[in-house]
Amino acid sequence: MLGAKMSGVLVETNERWYECVAPSGDTVYNLEGHISTGFVEIEESGRTCFTYPRMQTTSRSCFHVQMEEGKRVFVEETSRIKFRVDEIDRGFDQCPASQPVS
């Protein structure tokens with residue numbers, strides 16, 4: 001997870017997303033052009049939580065990862081929304097300030 005650039009689709013809506021998680025845990029997230037920066041925490045249980053601080057509020061979403069049809073899927077623990085990972089790229093030091101959704 002740390003040091004991975006991931007992209008895929010939001011299963012329920014088919015929207016494209018991209019997430020870059022730097023080795024430090026800092027993240028850049030892009031959902032159809034809506035960009036957020038934040039950080040990720042991975043708990044011993046494997047639960048993965050993404051936090052995106054904002055001026056008015058901070059959002060935090062926690063996921064567990066499961067395999068579906070040979071692909072990793074992040075399932076949000078409250079809403080059960082699924083983010084399917086179609087591509088993973090590793091081996092970099094820093095995330096770009098923003099990354100286009102391809």
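1. A residue is called buried here when its relative accessible area is under 20%, exposed when it is over 50%, and partly exposed in between, with a 1.4 Å probe and protein chains only. By that rule, 36% of the 102 residues of the protein chain count as buried.

2. Please keep in mind that this is a predicted model, in which local features need pLDDT of at least 70 and side-chain atom pairs count only at pLDDT 80 or more, while totals for chains, interfaces and linings use all residues. Residues are numbered from 1 along each chain as its sequence is written, and side-chain values use heavy atoms, with hydrogens and water left out.

3. The protein chain has eight strands and zero helices, where strands (E, at least two residues) and helices (H or I, at least four) are DSSP runs numbered from the N terminus.

4. As for overall dimensions, the C-alpha trace spans about 35 × 30 × 25 Å along its principal axes. The radius of gyration of the protein chain is 13 Å, which agrees with the value near 13 Å for a compact globule of 102 residues; the radius is taken over C-alpha atoms, and the globule rule is 2.2 Å times the number of residues to the power 0.38.

5. Which residues does F83 contact, leaving aside its neighbours within four places in sequence? With contact meaning heavy atoms within 4.5 Å, they are V9, L10, W17, Y29, F63, R72, V73 and F74. Across the protein chain, 36% of the contacts with a separation of 6 or more are between residues 24 or more positions apart.

6. G33 sits in the loop between β3 and β4 (34–42), and it counts as exposed because its relative accessibility is 52%. The C-alpha atoms of G33 and R16 are separated by 9.1 Å, although the two are 17 residues apart along the chain.
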